[in-house]
Amino acid sequence: MQLYNKLSSEERSKLLDASNKKRTTLSFYQYAKIHDPKQFRDQLFIAWNNLDALGRIYVAKEGINAQLSLPSMNFIQFQDHLNSISFLKDIRLNVAVEQDNKSFLKLTIKVRDKILADGLNDDLFDVTKKGVHLNAKEFNDLMQKDKSIVVDMRNHYESEIGHFKNAVLPDVDTFRDSLDIIEKDLGKYKEDKHIMMYCTGGIRCEKASAYFKHKGFKNVYQLEGGIIEYIRQVKEENLQNNFIGKNFVFDNRRVEKISNEVIASCHQCGEPFDVHTNCANDACHLLFIQCKKCQKKMENCCSYKCLEIKQMPYKLQKKLRKGQKNSNDIFKKGRTKNITILKQ
């Protein structure tokens with residue numbers, strides 16, 4: 001009985017090319033009490049592997065957080081399987097705005113302490129006392145009110161390439177960092193302002209809205225289904241789109257195009273560009289924005305130092321990496337001072 005992925009990304013990529021099957025990328029989450037996460041995880045792997053699902057899924061005693069793709073022809077079977085699980089019956093699935101057959105190349109289901117790395121002690125507040133859920137039309141309407149403040153609950157590298165108009169954009173590396181900053185900056189508005197939060201698919205706002213209500217914020221709202229569901233409703237109902245730029249996603253697609261505006265710049269030359277890449281030096285892998293011209297000139301590297309290493313024979317690169325851990329720069333997502341600045 002197979003309980004773990006056995007193919008490399010390269011092997012899976014070739015199989016996807018050969019199958020030529022259209023795939024659907026989607027995500028969902030659910031907070032629920034799972035008595036035995038390991039057993040539940042194994043059951044999911046068996047069922048979803050049989051449906052040729054690929055993705056990144058986290059399971060914990062508090063619930064499930066899933067991002068995955070599967071052959072479109074298996075979508076109904078997948079829904080039927082979810083409906084056979086009591087706490088996942090009729091759950092909303094956030095179908096990706098833009099599809100790509102290679103959004104995921106492995107099926108990875110991991111048991112974690114929490115399905116969202118929020119750094120919070122859930123015993124200190126009631127996570128079920130969430131903010132008011134708003135659909136796309138309600139979110140648009142409330143945005144126009146003088147007492148409304150729209151808050152981006154994502155990290156700086158996500159909001160850098162796309163966000164809602166006039167939103168507060170916390171300059172943070174992690175979701176946990178944003179909670180304290182938002183409380184400090186918006187604390188004076190606890191009583192009279194409408195705090196409207198949004199994130200990619202909704203999971204961060206589920207926890208944040210309960211946290212801020214616990215902290216004394218009276219009027220807390222959240223965009224149901226996040227940016228992904230917002231755009232679906234905007235298209236389906238012909239609503240005004242108030243999101244500018246691209247939506248950062250955590251799979252091989254990297255981005256979904258939401259509007260035609262390019263609001264970010266290449267971190268090396270400053271030209272308008274809004275697609276992230278990882279430094280091609282395997283000892284670095286810094287996530288940063290690099291335009292096509294700089295990508296060609298630097299061979300997809302963030303600095304001349306990394307370029308020099310990348311051009312070395314692979315065995316020598318591997319030898320240099322042995323016993324060394326990646327610098328914390330890998331987590332700075334473009335903040336590092338090591339990026340080589342280029343002039344066009």
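Tutor: Let us begin with burial: a residue is buried when its relative accessible area is under 20%, exposed when it is over 50%, and partly exposed in between, using a 1.4 Å probe and protein chains only. At 8% relative accessibility, Cys306 therefore counts as buried. Please keep in mind that this is a predicted model, in which local features need pLDDT of at least 70 and side-chain atom pairs count only at pLDDT 80 or more, while totals for chains, interfaces and linings use all residues. Residues are numbered from 1 along each chain as its sequence is written, and side-chain values use heavy atoms, with hydrogens and water left out.

Student: How many disulfides does a search of the whole structure find?

Tutor: In general, a disulfide is a covalent bond between the sulfur atoms of two cysteines; the cut-off used here is a pair of cysteine sulfur atoms within 2.5 Å. The search of the whole structure finds 0 disulfides. Cys205 is in none, and the nearest cysteine sulfur, that of Cys199, is 3.6 Å away. Cys205 is buried, with a relative accessible area of 0%. Cys306 is likewise in no disulfide, the nearest cysteine sulfur being that of Cys279, at 3.8 Å.

Student: How many aromatic pairs are found in the whole structure?

Tutor: Rings of Phe, Tyr and Trp (its six-membered ring) pair if their centres lie within 6.5 Å, and planes under 30 degrees apart count as stacked, over 60 as edge-to-face and the rest as tilted. By this rule the whole structure holds 14 aromatic pairs. One of them joins Phe164 and Tyr230, edge-to-face, with 4.8 Å from centre to centre and 80 degrees between the planes. Phe164 lies in strand β8 (residues 162–164) and Tyr230 in helix α8 (residues 226–237), so this pair ties together parts that are 66 residues apart in sequence; helices (H or I, at least four residues) and strands (E, at least two) are DSSP runs, numbered from the N terminus. Phe164 is buried at a relative accessible area of 0%, and Tyr230 is buried at 1%. The ring of Phe164 also pairs with that of Phe243, and because the planes stand at 90 degrees, with centres 5.3 Å apart, this pair is edge-to-face. Phe139, Phe164, Tyr198, Tyr230 and Phe243 form one aromatic cluster.

Student: Which residues have the most contacts inside the largest nonpolar core?

Tutor: A nonpolar core is a set of buried Ala, Val, Leu, Ile, Met, Phe, Trp, Tyr and Cys residues joined through side-chain atoms within 4.5 Å. The largest one has 29 residues, and those with the most contacts inside it are Phe28, Trp48, Ile57, Ile64, Leu68 and Phe78. Helix α2 (37–50) is among the elements that give two or more residues to this core, and its share, 5 residues, is the largest. A second, separate core of 24 residues includes Leu179, Met197, Cys205 and Val220.

Student: Which residues lie on the two sides of strand β7?

Tutor: In a regular strand the side chains alternate between the two faces of the sheet. In β7 (residues 148–152), Ser148, Val150 and Asp152 are on one side and Ile149 and Val151 on the other, and all are buried. Two strands pair if DSSP finds at least two bridges between them; β7 and strand β9 (residues 194–198) pair in the parallel sense over 5 bridges, and Val150 stands opposite Met196 in β9.
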